[in-house]
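Please look over the sequence and the structure shown below before reading on.

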There are 2 protein chains.
Amino acid sequence: MRLYAYYRSSAAYRVRIALGLKGLAAEIRPVDIAANEQASDEFRRRNPQGLVPVLETDSGACLSQSVAILEWLEETAPDPALYPRTSLERARYRALCQHIASDIHPLNNLRVLRYLGGPLGQSQDAINTWYAHWITLGFTALEQEVIAWRGAYSLGELPGMFEVMLVPQLYNARRFSVATESFPALVDLDARCAELPAFRAAHPHRQPDTPEELRGVS
Amino acid sequence: MRLYAYYRSSAAYRVRIALGLKGLAAEIRPVDIAANEQASDEFRRRNPQGLVPVLETDSGACLSQSVAILEWLEETAPDPALYPRTSLERARYRALCQHIASDIHPLNNLRVLRYLGGPLGQSQDAINTWYAHWITLGFTALEQEVIAWRGAYSLGELPGMFEVMLVPQLYNARRFSVATESFPALVDLDARCAELPAFRAAHPHRQPDTPEELRGVS
């Protein structure tokens, strides 16, 4: 498989973690979003929407939208499972994942930040406040959920899709200097994940297109 | 089952359509978002995130996040299926659904519009332009997808989760006077859905909390 990705795209980061947790290998093909390469005709043949990540399967099919890719991975490579076992548990668990995928991440996308700074004429300070606002709102609710857990990870002994979503979102929070001290349970969970090979290998600072100055910086 | 909903919340609208397509009944319990009732302690006992919809199952479990609820419905009431049959088809199909659920809808939420008008001091004109921008960007890509279909609906003879997502988004587009003439395939698909009982019954203007002046207006 090939994963078309950008080192610090959090949607691509999610897919890298999930591939790792499932023990699947994919060759990383960098797409330079800073240079708008995702809007090129060549890339749009793989994803007409012009967004990373795209996972090209062994059969040559190009899959887009990280949430759809994650569901596909769970269906086609079910072991280890990244969701709980019963439908009811899965529904509650998917709600936590969607909390990040629908209510936090889309508001902090690069294209959104560019719109705030461009057409809406917002200062970098105002953009940073916006960024922190949606993360803080979402993390406040998620912190309470994680505090109530009994195990070390969302699936007890193992991490699952929740960590696949959370870890990239925490990386983003730090990148934009959002205060994370108010979320000790999320920060601790993130630290436990950072010890695991799948999360280490997926980190934005260990990708083929990671800029030299960020290489290996955790 | 009970569905805690607001007549024009598009996430609640999605769940109403899916329940109807699956032939499932749920008692509608209105939550007055205009009066911030979703932030009340009573409602937060059902969903700590303070967002509609919440689906209370027959066993009393409270499910939140429309995408998670839709996946639960598909798992627990699989007939009729609202997704295609193979994993690969489902992955591509879920990507179209996520295109609406992640890339359009979250940017046009009431809480986001309130932030634009409040802390960012944007005029109603600027807010409307923002609203139209994200819808137009998303619909432009989706229009090409729908043009390429052979059948009347996303699943051929039948509508599925794509229509569950699209129809509420088109309702929103019209409410904010977004020009839809450029998307004839989406508009035609929406018109075909409007003829079906599940879509008719789910319409925001046919709910217990629909204001008098909107009742029955299509």
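The model is predicted, and in it 34 residues of chain A are in contact with 34 residues of chain B. On the side of chain A that touches chain B, at least two residues each are supplied by β4 (62-64), α3 (66-76), α4 (87-103), α5 (110-117) and α6 (124-147) of chain A, and the largest share, 11 residues, comes from α4(A). By kind, the residues of that side of chain A divide into 18 nonpolar, 11 polar and 5 charged.

Within chain B, the axes of helix α4 (residues 87-103) and helix α7 (residues 161-175) come within 9 Å and cross at roughly 20 degrees; because this angle is under 35 degrees, α4(B) and α7(B) are roughly parallel to each other. Their crossing is left-handed, and the residues that make the contact are set out here.

| Helix | Residues in the contact |
|---|---|
| α4(B) | B:Tyr93, B:Leu96, B:Cys97, B:Ile100, B:Ala101 |
| α7(B) | B:Met161, B:Phe162, B:Met165, B:Leu166, B:Gln169 |

The residues of this contact of α4(B) with α7(B) divide into 9 nonpolar, 1 polar and no charged.

In helix α8 (residues 184-194) of chain B, the buried residues are B:Leu186, B:Leu189, B:Asp190 and B:Cys193, and they lie on the same side of α8(B) because they cover an arc of only 100 degrees around the axis. These buried residues of α8(B) pack against α6 (124-147), α7 and α9 (197-202) of chain B, whereas the face of α8(B) turned away from its buried side carries the exposed residues B:Pro184, B:Asp188 and B:Ala191.

Definitions and conventions:
Residues are numbered from 1 along each chain as its sequence is written. Chains are lettered from A and ligands numbered from 1 in the order in which they are written. This is a predicted model: local features need pLDDT of at least 70, side-chain atom pairs count only at pLDDT 80 or more; totals for chains, interfaces and linings use all residues. Axes are lines fitted to C-alpha atoms, for helices over the stretch in contact, and angles run from 0 to 180 degrees between N-to-C directions. Helices (H or I, at least four residues) and strands (E, at least two) are DSSP runs, numbered from the N terminus. Angles under 35 degrees count as roughly parallel, over 145 as roughly antiparallel, 65 to 115 as roughly perpendicular and the rest as oblique. A crossing is left-handed if the near helix is turned anticlockwise from the far one by less than a right angle, and right-handed if clockwise. Two residues are in contact if their C-beta atoms, placed from the backbone, lie within 7 Å. Ala, Val, Leu, Ile, Met, Phe, Trp, Tyr, Cys and Pro count as nonpolar, Asp, Glu, Lys and Arg as charged, and the others, Gly among them, as polar. A residue is buried if 20 or more other C-beta atoms lie within 10 Å of its own, exposed if 12 or fewer, and partly exposed in between; C-beta atoms are placed from the backbone. The arc is that of the directions from the helix axis to the C-beta atoms.
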